[in-house]
Amino acid sequence: MSALWLQVDPRSPTPVYQQIVDGIKAAVAAGWLQPGDRLPSVRDLAVSLAINHNTVAKAYQELERSRVIEVVRGRGTFVAQPGQRPPPDVAERMDKLRDSLRLAWIEAYHLGLEEAEFERMFWQAREDARGGERKEET
C-alpha cells in the first residue's frame with residue numbers, strides 16, 4: 001500500500017515523526033483519508049518513506065493516543081471516527097486551539113484586517129487544507 005499523499009522532509013526542523021502525525025491529520029481533515037480507511041503498516045510506511053520504522057511507530061503511537069487512528073490487533077491500523085472517543089487531553093488541546101485563534105485575531109487586528117477579511121482567510125485556510133488551490137487576487 002503506497003502513501004503518496006504523505007511526504008516528509010528530513011532536512012525540515014520539524015521532527016520526521018511529527019511530519020507524519022501532521023500529514024496524516026491533514027489527510028483526514030482534507031477527506032483524503034476517511035474513517036475506516038486502512039493505513040499502511042508501520043513497516044510498509046517506513047519503506048515507502050525510506051525512514052526508520054521506529055519513527056513511524058512513534059508517529060502511529062501519537063496518532064492512536066490522539067484518537068486519530070485505531071489499531072485493531074491482527075487486522076491493521078485504521079482511521080478512527082472523529083469525536084467517537086475524545087482524546088484524553090481534549091481540554092488541553094481546546095485551550096491551545098483557543099490561544100492560537102486569539103493570537104491570530106490579535107495579529108489580524110494589527111494588520112488592519114476587517115472582520116470579513118479575517119473570516120475569509122479562515123475559510124480559505126480550510127479549503128487550502130483540503131487541497132483546494134486558489135490564485136491570489138491582484
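Reader: What share of the 138 residues in the chain is buried?

Author: Buried means under 20% relative accessible area, exposed over 50%, and partly exposed in between, with a 1.4 Å probe and protein chains only. Here, buried residues make up 24% of the 138 residues. Please keep in mind that this is a predicted model, where local features need pLDDT of at least 70, side-chain atom pairs count only at pLDDT 80 or more, and totals for chains, interfaces and linings use all residues. Residues are numbered from 1 along each chain as its sequence is written, and side-chain values use heavy atoms, with hydrogens and water left out.

Reader: Which residues have the most contacts inside the largest nonpolar core?

Author: In soluble globular proteins, nonpolar side chains tend to be buried together. A nonpolar core is a set of buried Ala, Val, Leu, Ile, Met, Phe, Trp, Tyr and Cys residues joined through side-chain atoms within 4.5 Å. The largest one in this chain has 19 residues, and Ile20, Ile24 and Tyr60 have the most contacts inside it. Two or more residues of this core come from each of α1 (16-30), α2 (42-49) and α3 (53-65).

Reader: And what does Ile20 touch, not counting residues up to four places away in sequence?

Author: A contact means heavy atoms within 4.5 Å. With that exclusion, Ile20 touches Leu6, Val8, Leu45, Leu49, Ile51, Thr55, Val56 and Ala59.

Reader: How many helices and strands are there in the chain?

Author: Helices (H or I, at least four residues) and strands (E, at least two) are DSSP runs, numbered from the N terminus. This chain has five helices and three strands, running α-β-α-α-β-β-α-α from the N terminus on.

Reader: In what order do the three strands form the sheet?

Author: Two strands pair if DSSP finds at least two bridges between them. The sheet is open, with the order β1-β3-β2 and antiparallel pairing. β1 (38-39) and β2 (69-72) stand at the edges with a single partner strand each, so one side of each has no neighbour in the sheet. Four antiparallel bridges pair β2 with β3 (residues 76-79), and Ile69 stands opposite Val79 in β3.

Reader: Is Thr77 buried or exposed?

Author: Thr77, which lies in strand β3, is buried, with a relative accessible area of 10%. Leaving aside residues up to four places away in sequence, Thr77 touches Asp37, Arg38, Leu39, Tyr60, Ile69, Glu70 and Val71. You have met Tyr60 already, among the residues with the most contacts inside the largest nonpolar core.
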